[in-house]
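Me: Could you go through this structure with me, a bit at a time?

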Amino acid sequence: MTRMSSVYPIGTDIVARDVWTKVPLDWANPGGETIDVYARELVAAEKRYEELPLLVYLQGGPGGKSPRPLGRDNWLSDALKRFRVVLPDQRGTGRSTPLSGNEVGELAAGEAAKLLSHFRADSIVRDLEAVRAQHYDGKQWWTLGQSYGGFLTLHYLSIAPEAIVASAVTGGLPSIDPDPAEVYRLTLPRVREKNRLFRERFPHLTDRVSRVADLLSASDVRLPDGDTLTVRRLQTLGFEFGMSVGADRVHWIFDEAFSDAAETRLSDTFIHAVYDATSFATNPLYAALQENIYGAGPSNWAAHEELTKHADFAESARPLQFTGEMVFPWMFEEIRALRGFHAGVELLATQSWEIDLYDTERLATNEVPVEAAVYYDDMYVDAALSLDTTARVGALNSWVTNEFEHDGLRMGDVVDRLFAKLEVRVGGTLSATQNP
């Protein structure tokens, strides 16, 4: 059945259009099984009939769907002043033929690993090229890459730089010598520092967190879906620590941890909040593909291996330390939404990619203007690795700042600054950046 395009308003001043593209599940086998890739095109209502430059948003992740905007909030406000904006859902997410653990769990380990391999950066960029060709007559577009979107940007520039007018990257310049073990070695000290800052800001929570951990160690506490809430699952709340208000979110979860004054019984509010923050129910591919974004070689559960070297992150350690943006093998046994991926991700962790993620020679001579925001204290992406990439990729400038955390895209004027710099580099006004 052919998907029909719909046009509809978002708020009072944005017009949206659905864009559907049928693509191969396996780009190496274009005549085989197909999936649908969905994108939402947005334009400011007052510019609806204007010929505008295109901006495609490269979502963070991996395994991320694009934002569902409610209006002209944060970066979208700046973008809609200049562009017609395309928001794709990465394959396997949102409305792009979503992939679930139940579906993957029906396959043998080899088949599951092969299926998951079709949802990595190389396939995502090929999907984007299909969208550009089928719906925009091959017109060049700008890219804005947030977090994992920066990884996608460098792969895009490695295989199809002719598609791109200019690129902005926020908090997502990866190493072009990808090595997950090195990534976690460099970022774990920053996770430790975020824990210290959390305890410094909320000293009254240190003992409370320890009491929660002790209670979980001594009893069988069940989450709403029946999973056991373990101490190590509790520690993964530290995913939030890299965001501007992440520590506050964790603070409010523990603020209502107990239902009694003696603090001996966990509250239903707390249990549901921890479930919502740690279940991966709405983004299982994020966990399944997390370590695969860091390179072509086998990941060998790099985060787990690094964490075992540091006794202060043990479940029995007090004060309890929270972990960062890390995915561990036990998650695929203990978390319901991830169990179906277990056999596939175990095998994937031992395999190498069949493609090179980055073409270092081509990137060295890149001529597409790129402006990147590098967040000096970023817990997820190491700034030193980002600056090494800056020095080795042509036409790439980085603005290094400690004003923002990993979610700086949604704060202040980050995107406006990057667009303004790119506008100068491509020759003045954006409206002039059309195909020759």
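Me: Is Ala395 buried, exposed or partly exposed?
Reply: In this predicted model, Ala395 is partly exposed, with a relative accessible area of 26%. For that value, buried means under 20%, exposed means over 50%, and partly exposed covers what lies in between, using a 1.4 Å probe and protein chains only.

Me: Before I go on, how are things counted here?
Reply: Residues are numbered from 1 along each chain as its sequence is written, and side-chain values use heavy atoms, with hydrogens and water left out. As the model is predicted, local features need pLDDT of at least 70 and side-chain atom pairs count only at pLDDT 80 or more, while totals for chains, interfaces and linings use all residues.

Me: What about the phi of Ala395?
Reply: Phi of Ala395 is near 65 degrees, which is a positive value in a residue other than glycine. In general, most residues other than glycine have a negative phi. Ala395 sits in the loop between helix 16 and strand 9, where helices (H or I, at least four residues) and strands (E, at least two) are DSSP runs numbered from the N terminus.

Me: And Glu263, where does that lie?
Reply: Glu263 is in the loop between helix 9 (246-255) and helix 10 (268-278), and although it is not a glycine, its phi is positive, at about 55 degrees. Glu263 counts as buried because its relative accessibility is 19%.

Me: Which peptide bond is cis at Pro62?
Reply: The cis bond there joins Gly61 and Pro62, with an omega of about 10 degrees, and Pro62 belongs to the loop between strand 4 and helix 1 (74-80). The bond from Arg318 to Pro319 is also cis, with omega near 0 degrees, and Pro319 is found in the loop between helix 12 and helix 13.

Me: Is Met326 buried or exposed?
Reply: Met326 is buried, at a relative accessible area of 3%, and it lies in the loop between helix 12 (302-307) and helix 13 (331-334).

Me: What is Met326 in contact with?
Reply: If we leave aside neighbours within four places in sequence, the contacts of Met326 are Tyr184, Leu188, Val191, Phe239, Ala303, Leu307 and Met331, where contact means heavy atoms within 4.5 Å. Met326 and Leu188 are 138 residues apart in sequence, but their C-alpha atoms are 9.7 Å apart in space.

Me: Switching to the sheet, what is the order of its strands?
Reply: Nine strands form an open sheet in the order 1-2-3-5-4-6-7-8-9, with mixed pairing; two strands pair if DSSP finds at least two bridges between them. Strand 1 (7-10) and strand 9 (396-401) are at the edges and have a single partner strand each, so one side of each is left without a neighbour in the sheet. From one strand to the next, the twist averages 25 degrees.

Me: How do strand 3 and strand 5 pair?
Reply: Strand 3 (residues 34-44) and strand 5 (residues 84-88) pair in the antiparallel sense over four bridges, and the bridge partner of Arg40 in strand 5 is Leu87.

Me: Which strands does helix 4 lie across?
Reply: Helix 4 lies across strand 2 (14-24), strand 3, strand 4, strand 5 and strand 6 (141-146), and it runs at about 115 degrees to strand 2. Helix 16 (residues 383-392) lies across strand 8 (370-375) and strand 9, at about 155 degrees to strand 9. Such angles run from 0 to 180 degrees between N-to-C directions, with axes fitted to C-alpha atoms, for helices over the stretch in contact.

Me: Last topic: how many cavities of 30 Å³ or more are there?
Reply: A search of the whole structure finds seven of them. A cavity is a set of points on a 1 Å grid, over the protein atoms alone, where a 1.4 Å probe fits but cannot get out, and lining residues have an atom within 4 Å of a point. Points are joined across faces, edges and corners, and the volume is the space filled by probe spheres set on them.

Me: How much space lies in the largest cavity?
Reply: The largest cavity holds about 120 Å³, and of its 14 lining residues, the closest to the centre are Phe151, Pro174, Ser175, Val183 and Tyr294.

Me: And the volume of the second largest cavity, what is that?
Reply: The second largest cavity has a volume of about 90 Å³, and among the 13 residues lining it, Pro88, Asp89, Gln90, Ile124 and Leu128 are the closest to its centre. Helix 4 gives the most to this lining, with four residues.

Definitions and conventions:
1 Å grid on protein atoms, 1.4 Å probe; cavity = no way out; pocket = protein on both sides within 12 Å on 5 of 7 lines; lining within 4 Å.
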